[in-house]
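Please look over the sequence and the structure, then read the notes below.

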Amino acid sequence: MTTPTSIALVTGANRGIGLEVCRQLAQQGWNVILGARDPAKGESAAAALRPEGLNVTFQPLDVSDAASITAARAAVESQYGRLDALVNNAAIYYDTWQRAANADFAQVRQAFETNT
């Protein structure tokens with residue numbers, strides 16, 4: 001009996017740390033789903049890893065959009081039947097320009113909801 005390959009979804013994965021997490025998980029034999037808001041950037045990032053012999057597929061995913069989350073969940077369930085790991089790397093607004101005295105709380109809330 002063979003052990004099934006583990007399935008991981010990495011959000012915000014079309015560049016930087018997220019892309020490297022995808023690479024390293026795939027190098028360890030995981031099936032990796034690269035999640036990104038921008039379809040062109042996400043597909044390009046996944047395609048760039050495949051020549052390394054890595055099993056990486058792209059899934060459109062905007063973690064701040066409930067419909068996008070629902071669609072990604074359905075796609076993962078349909079294609080794989082399960083998800084073994086979720087790496088929530090998606091983030092927005094590293095707002096170092098804001099100060100407590102005059103912070104834009106709508107922006108703070110949006111960043112908090114996306115980043116957590």
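From the N terminus on, the elements of the protein chain follow the order β-α-β-α-β-α-β-α. Helices (H or I, at least four residues) and strands (E, at least two) are DSSP runs, numbered from the N terminus. This is a predicted model, in which local features need pLDDT of at least 70 and side-chain atom pairs count only at pLDDT 80 or more, while totals for chains, interfaces and linings use all residues. Residues are numbered from 1 along each chain as its sequence is written, and side-chain values use heavy atoms, with hydrogens and water left out.

**Overall form**
- The protein chain holds 4 helices and 4 strands.
- Its C-alpha atoms fill a box of roughly 60 × 25 × 25 Å, taken along the principal axes.
- Of its 116 residues, 32% count as buried (under 20% relative accessible area, 1.4 Å probe, protein chains only).

**Nonpolar cores**
- A nonpolar core is a set of buried Ala, Val, Leu, Ile, Met, Phe, Trp, Tyr and Cys residues joined through side-chain atoms within 4.5 Å.
- The largest such core has 16 residues, and those with the most contacts inside it are Val-10, Cys-22, Val-32, Leu-34, Leu-49 and Val-56.
- Elements giving two or more residues to this core include strand 1 (7–10), strand 2 (31–36) and helix 2 (39–49).
- Helix 1 gives the most to this core, with 4 residues.
- A second, separate core of 7 residues includes Leu-9, Ile-33, Ala-72 and Tyr-80.

- Not counting residues up to four places away in sequence, Leu-49 touches Leu-19, Cys-22, Arg-23, Leu-54 and Val-56 (contact means heavy atoms within 4.5 Å).

Notes. Buried < 20%, exposed > 50% of the residue type's maximum accessible area, 1.4 Å probe, protein only.
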